[in-house]
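Please look over the sequence and the model first.

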Amino acid sequence: MTARAPAPTADEADLPTLQRRILRDLGRAIADHGLIAAGDRIMVAVSGGKDSYTLLECLRLLQRRAPIPFELVAVHLDQAQPGYDGAPLRAWLESEGYDFHILREDTYSVVKEKVPEGATYCALCSRLRRGILYAAATQLGCNRIALGHHRDDAIETLLLNLFFQGRVAAMPARLVSDDGAHVVIRPLVYCAEDTLAAYARLRAFPILPCNLCGSQENAQRKQVKALLARLDAEHPGVKSSVFAVKKAPKSSKHSKIASPSTLARPTTAK
Ligand code: SF4
């Protein structure tokens, strides 16, 4: 019997292979967590980064072949950061024929004013952005808000909470807002970041720069990312194994082992 060739890495794979991989993981996350139902109107938050472009495109591919009807509305938020230019994103959304809205809210000035010099802006910025997205979803009649967080984001959040907050809390695939009015979904939660990056590169999405706010990326998240990269290089499959749901045998004392994606809401902003 001849041994099967190993699957190509994300960097080696061609576009159809990457697309199949993403759609398979997307479908699995949707089925496992009940992320989409017939008649849903889903607001897809598009930041202009690789993950949200890929999410939007792959959700549309899925929409075309899904047995149930659902709608997609792309929403981008211009946060009035210095040097921001959303023209390439707008042109792409138009040329691809998406139903889309571009909102402008000056969260940048608010964050600059409220956050002390030297501290990171991300926590307040994320809270403000979330509020604006919730309000937009209500206005646009959307009952779901899809975000582009992926498997690596979820693992990093799990470890950050474990290492720095002393609790086991991951980024859920499906989250109902505190007032019960909104449902946030993360359909890419099973997709590996390197697959999404390779897909975005091959599709040549017009990526908007993500450093305009001048905030330093969360140093702890950077460290956890580097640690995971090192571990995964030395022991390939480490990241995948974090996501492998293992049910303990009935006889075991440890009767419940939950998947990270089913655990409580995160406490670390991303
Ligand atoms: S990095 Fe992102 S979340 Fe953090 S302040 Fe800048 S725009 Fe906001």
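The model is predicted: local features need pLDDT of at least 70, side-chain atom pairs count only at pLDDT 80 or more, and totals for chains, interfaces and linings use all residues. Residue numbers start from 1 along each chain as its sequence is written. The protein chain has nine helices and six strands, taken as DSSP runs numbered from the N terminus (helices H or I, at least four residues; strands E, at least two).

**Chain and core**

- Among contacts in the protein chain with a separation of 6 or more, 78% join residues 24 or more positions apart; a contact means C-beta atoms, placed from the backbone, within 7 Å.
- The largest nonpolar core holds 50 residues, and Met43, Val44, Ala45, Ile145 and Ala146 touch the most other members; such a core is a set of buried Ala, Val, Leu, Ile, Met, Phe, Trp, Tyr and Cys residues joined through C-beta atoms within 7 Å.
- Beyond its neighbours within four places in sequence, Val44 contacts Leu55, Leu56, Leu59, Leu72, Val73, Ala74 and Ala146.

**Helix H7**

- Glu193, Thr195, Leu196, Ala198 and Tyr199 are buried in helix H7 (residues 193–203).
- These buried residues pack against helix H1 (15–33), helix H2 (50–65) and helix H6 (151–165).

**Helices H4 and H5**

- Thr107, Val110, Val111 and Lys114 in H4 meet Leu124, Cys125, Leu128 and Arg129 in H5.
- The residues of this contact are five nonpolar, one polar and two charged (Ala, Val, Leu, Ile, Met, Phe, Trp, Tyr, Cys and Pro count as nonpolar, Asp, Glu, Lys and Arg as charged, and the others, Gly among them, as polar).

**Ligand**

- Tyr121, Cys122, Cys125, Ser126, Cys213 and Ser215 surround the ligand, each with its C-beta atom, placed from the backbone, within 6 Å of it.
- This shell has four nonpolar, two polar and no charged residues.

**Positive phi in loops**

- Ala80, in the loop between strand E2 (71–78) and helix H3 (87–95), is not a glycine but has a positive phi of about 60°.
- Ala80 counts as partly exposed because it has 14 C-beta neighbours inside 10 Å.
- Ala204, in the loop between H7 and helix H8 (219–234), also has a positive phi, of about 55°, without being a glycine.
- Ala204 has 8 C-beta neighbours inside 10 Å and therefore counts as exposed.

Terms used: A residue is buried if 20 or more other C-beta atoms lie within 10 Å of its own, exposed if 12 or fewer, and partly exposed in between; C-beta atoms are placed from the backbone. Two residues are in contact if their C-beta atoms, placed from the backbone, lie within 7 Å.
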